[in-house]
Amino acid sequence: MRNVVILAGGSGTRLWPLSRADKPKQVLPLAAGSSLLRVAYNRLEGLVDPANIYVCTVAAHTELVREELPELGEHNIIGEPVGRDTANAVGLASAVVARNDPDAVLAIVGSDHLITPEDEFRAAIESGFELVEQRPRSLVTFGIEPTHPHTGLGYVERGEAIDGTSAYVVDRFREKPDRATAEEYLATGRFWWNSGMFVWRAETVLSVLDALLPESASQLRQVAASWDTPQRDAELGAIYPGLRKISVDFAVMEPASQGKVDADVVVIPMPVHWLDVGSWAALAGTYEVDAEGNRHDGTALSCLLDSYDNVIVTDDPDHLIAGVGLRGHIIVHTHDVTLVCPLADGERVKDLVAQVQSDHAARYV
């Protein structure tokens, strides 16, 4: 049976101070008044039975998820006691779904992407389902055609086309490059942005984890076996925090693409406009821009003099943000924190959050 798992465990630290530990970016109204999680869920309409849509998040956020998606079944929220990166999240989700359906096929999608047109997204996922049903040992990822030499995303290089499908063999994965390398990737025409979305048979990815990450795989299966029993929370609490923290790219996709297991890795193009809403610069791309290049979130009250190419965000529409002579800055105002940062250093906000937590306690994080 076909299923979809929405990964919603990120903390969104690069969108601090709007995104916080107790209300992360995926449940904030960042998509024209809707939450990114709601948009991700609605994008799945018609793709699978709603009863087969799951959300994997950290346990502390399960009630936030229920508030955003009240139609989600009681057992369709998979709560991790702590985040242990994506290999464990997708491994746990695959094991939980497979416990009642050994032939389950899963699509893994994110909760922090804006994707248009949605019909093309659904068509690509449908192609992934069909391919895996025909080739059960395939691990499918999706490639986004790059529009510029992005240095904040990973890349996937496609190889030979697979006859009778829209897919290609994956030659290699590449981590976030410097600009010169990214420009080289674009010049070849063979590299796509790595979307971080996947389709596979649950038992296939679990068997790959058995081979590549055996201790974690056996423990994930142990947790899944207790899922519908009174022992579930105790098993989760005892086992999950000790799992090796590693991404699915490092643990599964890259070694599988190198022939280290009996599974093949393929990439299917997804011809969409795809925005990973992971930073202030990325989110600002969804805002209206004025004649001076300044971008506002639609609620910000501001007065700027001789200021250009700035991003202004506030959670208080009555609070005036004023500036003189600003060039390319991010200004974010909340009730207890004000962030001022050059746009060029936006990726460093994550590092700033760690320092704030160290110097000023977790109340601001």
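Reply: S226 is buried, with a relative accessible area of 8%, where buried means under 20% relative accessible area, exposed over 50% and partly exposed in between, for a 1.4 Å probe and protein chains only. The model is a predicted one, in which local features need pLDDT of at least 70 and side-chain atom pairs count only at pLDDT 80 or more, while totals for chains, interfaces and linings use all residues. Residues are numbered from 1 along each chain as its sequence is written, and side-chain values use heavy atoms, with hydrogens and water left out.

S226 is located in the loop between α7 and α8 (232–239); helices (H or I, at least four residues) and strands (E, at least two) are DSSP runs, numbered from the N terminus. Setting aside residues up to four places away in sequence, S226 touches Q231, R232 and E235, contact being defined as heavy atoms within 4.5 Å.

Axes here are lines fitted to C-alpha atoms, for helices over the stretch in contact, and angles run from 0 to 180 degrees between N-to-C directions. On the α6 side the contact involves E203, L206, S207, L209, D210, A211 and L212, which meet P214, A217 and R221 of α7. The residues of this contact of α6 with α7 comprise six nonpolar, one polar and three charged. In this classification Ala, Val, Leu, Ile, Met, Phe, Trp, Tyr, Cys and Pro count as nonpolar, Asp, Glu, Lys and Arg as charged, and the others, Gly among them, as polar.

Helix α6 also packs against helix α9 (residues 248–257), at an angle of about 95° and with the axes 10 Å apart. This angle makes α6 roughly perpendicular to α9. V205, V208, L209 and L212 of α6 meet A251, V252 and P255 of α9. The residues of the contact of α6 with α9 divide into seven nonpolar, no polar and no charged. L209 and L212 of α6 take part in the contact with α7 and also in the contact with α9.

Within the largest nonpolar core, which has 49 residues, L92, L139, W200 and V252 touch the most other members; a nonpolar core is a set of buried Ala, Val, Leu, Ile, Met, Phe, Trp, Tyr and Cys residues joined through side-chain atoms within 4.5 Å. Helix α3 (residues 85–98) supplies the largest share of this core, nine residues. A second, separate core of 45 residues includes I6, I53, A124 and L153. Among the residues touched by W200, not counting residues up to four places away in sequence, are V90, S94, L139, V205, V248 and M253.

G189 counts as partly exposed, at 38% relative accessibility. Its C-alpha atom is separated by 39 Å from that of R20, 169 residues apart along the chain.

D85, which lies in helix α3, has a positive phi of about 70° although it is not a glycine. With a relative accessible area of 34%, D85 is partly exposed. D309, likewise not a glycine, has a positive phi of about 60° and lies in the loop between β14 (301–305) and β15 (311–314). Its relative accessibility of 45% makes D309 partly exposed.

The peptide bond from W16 to P17 is cis, with omega near 10°, and P17 is found in the loop between β1 (2–7) and α1 (36–42). A cis peptide bond also joins T116 and P117, with omega about -10°; P117 lies in the loop between β5 (113–116) and α4 (118–134).

The structure holds zero disulfides, a disulfide being a pair of cysteine sulfur atoms within 2.5 Å. C303 is partly exposed, with a relative accessible area of 48%, whereas C341 is buried, at 8%.

How values were computed
Parallel < 35°, antiparallel > 145°, perpendicular 65-115°, else oblique.
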